[in-house]
Amino acid sequence: MSDAMQFYLSTLLIYLFIDIIGVLGLNLQFGVAGIINFAYIAFVAVGAYTAAVVSLGPDHPDNFQHYLFGANWPFPLPIIAAGVTSGALSLLVGVISLRRLRSDYQAMVMLVLSLIATLVASNASGLVNGPAGLATIPQPLYDQLGLAPLDYQWVYAGWAGFLTVLTFLFVRGITNSPLGRTLRAMRDNDRAAAALGKGIVGLRLMVFVIGGAIAGISGAVFVEFIQAWSPGSWLYPETFVFFAAILVGGTANNWGVMVGTLLVPVGFLEATRYLPEILYRGFVEAMQWVCVGLLILLFLWFRPNGIFPERAARFRPRAAAPTGPANSVAASE
Amino acid sequence: MNQLIPAIGFGLITASILAIAAVGFTLQFSVTNILNLAYGDIMTACAFSAYVANQAGVNIWICLVIAALFGAVFSMLLNRFVYFQFVRRGTKLFGMIIVTIAMSLIIQNVLLAIFRPTFFSYRASPGPSHNFGSMIFTESQLAIMGIAVVAMLGVHLLSTRTKLGKAMRATATNPSLARSCGVATDRVIDVAWLLSGALCGIAGVVIVLNTATFSEVTGANFLVPIIAAAVLGGIGQPYGAMLGAITIGLASEVAASVINPSYKDVVAFGILIVVLLVRPQGILSEVAVAKEVTA
């Protein structure tokens, strides 16, 4: 395989891993717990900015870019900081919007929040360098490892894959646990769940914060790879690419949404990036977005549960009792 | 103080545009329970329809009527052949929001593909300026305010004085009861979307008349204050939307003159959050509470 091909493939692989991390976080919020977070990409962005400013070093007055709180933290710390900051911000947003608001108002507020976040990041020039964004963010351990660029790509792919597996195991741990069952109950009928004594607001907040932290981590891994981040990278339609991945793959099915990620953000948007320019600059991109919209509509119409629908939970009694529908329900209680 | 009065003047214009747009947006929700997030993009589509007519040499005020007609028919067809089909198939509130956003992406990018990424403006002069104290309005801005007042009066008279308005309010409050009382709800829903679409079309053109240039994202960018105004008044409440529009319009323009023009929308959002914390159901909210059960 030629070097250029390897470079391209490893980049796609890294994008896939990063998108999977992000989609798993959103699937936990939306698919499992039923929280509509239209500002998800903003939490990814917060993670990315956090990782960037804590690894760029202190800001100088004669620097070409200006930002808040520059630091020079060593390798794993920026990612942890990204998760913590996004999680903390999720807590703040959640406390304001998830407690008392009706679900449709929540969805509205989230969408508006995403638009506003872009606006603030572009206009407050001292915050994260305004519309130009941050650049020359160091890749983690690049100097210490001393690898050739191509080898470093594969190492980074391995690192992103490792984080993806960790995220997957963590999210699956939640969805398969009694907690996951409670969350699904809340998603399907929050009043019934509340009537059974589940603290709906607390559960929602918890999932919102966990999902936000995962979003932050995916943003951090992304920005440390591409080394640049600007308001143009996280406009609100990006959240709908994640939603499209979830809807296509299968809402609430962790394996399904990973397949969805392979199909939509990676297969559809990244792999077609090198299509020749037809008609004029920007035409292909516009058509891509039209296709994302059509894809969402088609899936909601023909397969509202995605390619791999969420499997109905089956409860098997511990003792080898005869399994009939009535028995299995009784045994699960 | 010498900055404040002109800012209030700008605020009145923004409030007028916002009132037209927000009343249309909230009407769609009240009658069909759909939060149409493609609303801003339909506004842009209407602005482009007026642009095409204007390029063909049609007077801008006739273009406004064309855009209103285009918006009315487009919105009605969109609801009948896309949104309503999904609702009938059992797509829930969340699913419907995603459907409208998918439509928004499609409309915006089809417009981008047809008209290409650049800025457009109408062949129309804003007319001479008139001074009112220290507020300065161009003639077209005065016309915008006039159109808003007429539109709001029209919506008010329609919903209180006519049988159609009564049927619309009945459908909004309880569709199945309205149907069993002999209201042809399907027809009422079509009319409601025609009406809100016309408001959408007017809003799309007057926003361009005020700002002079537009592109494929103009309407979408205006969605934040529209949502803020509609939610502020209690979503689904036309009078609430008017009240919300005046609040958001004045506050954001005054804040723009005091702080920084780029933070207009941030101010709108801030007001929205504060109001929702105090009154999570919006300022006027009887219908909104009734909706929650069916949502």
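Predicted model: local features only at pLDDT ≥ 70, side-chain atom pairs only at ≥ 80, totals over all residues.
Chain A is built from 14 helices and zero strands. Chain B touches chain A through 35 of its residues, and helix H4 of chain B supplies the largest share of that side.

**Chain A overall**

- Along its principal axes, the C-alpha atoms of chain A fill a box of roughly 70 × 45 × 45 Å.
- Read from the N terminus on, the elements of chain A run α-α-α-α-α-α-α-α-α-α-α-α-α-α.
- Of the 333 residues in chain A, 44% count as buried.
- Take the contacts in chain A between residues at least 6 apart in sequence: 77% of them join residues at least 24 apart.

**Where chain B touches chain A**

- The contact involves 35 residues of chain B and 31 residues of chain A.
- Three helices of chain B each supply at least two residues of the touching side: H4 (93–115), H10 (223–232) and H12 (264–278).
- H4(B) gives 15 residues, the largest share of that side.
- By class, the side of chain B that touches chain A has 28 nonpolar residues, four polar ones and three charged ones.

**A closer look at H4(B)**

- H4(B) has 23 residues.
- From its first C-alpha to its last, H4(B) reaches 33 Å, close to the 33 Å expected at 1.5 Å a residue.
- In H4(B), 17 of the 23 residues are buried, so this helix is largely enclosed by the rest of the structure.
- Just after H4(B) comes B:Arg116, which takes a positive phi of about 65°.

**H5(B) against H6(B)**

- Helix H5 (residues 139–161) and helix H6 (residues 163–173), both of chain B, pack with their axes 5 Å apart.
- The angle of this packing is about 85°, and that makes H5(B) roughly perpendicular to H6(B).
- On the H5(B) side, the contact is made by B:Leu158, B:Ser159, B:Thr160 and B:Arg161.
- On the H6(B) side, B:Leu164, B:Gly165, B:Met168 and B:Arg169 make the contact.
- The residues of this contact of H5(B) with H6(B) divide into three nonpolar, three polar and two charged.

Technical notes
Residues numbered from 1 in each chain as written. Chains lettered and ligands numbered in written order. Contact = placed C-beta atoms within 7 Å. Helix = DSSP H or I, 4+ residues; strand = E, 2+ residues; numbered from the N terminus. Nonpolar A, V, L, I, M, F, W, Y, C, P; charged D, E, K, R; others polar. Axes fitted to C-alpha atoms, helices over the stretch in contact; angles between N-to-C directions. Parallel < 35°, antiparallel > 145°, perpendicular 65-115°, else oblique. Expected span 1.5 Å × (residues − 1). Buried ≥ 20, exposed ≤ 12 C-beta atoms within 10 Å, placed from the backbone.
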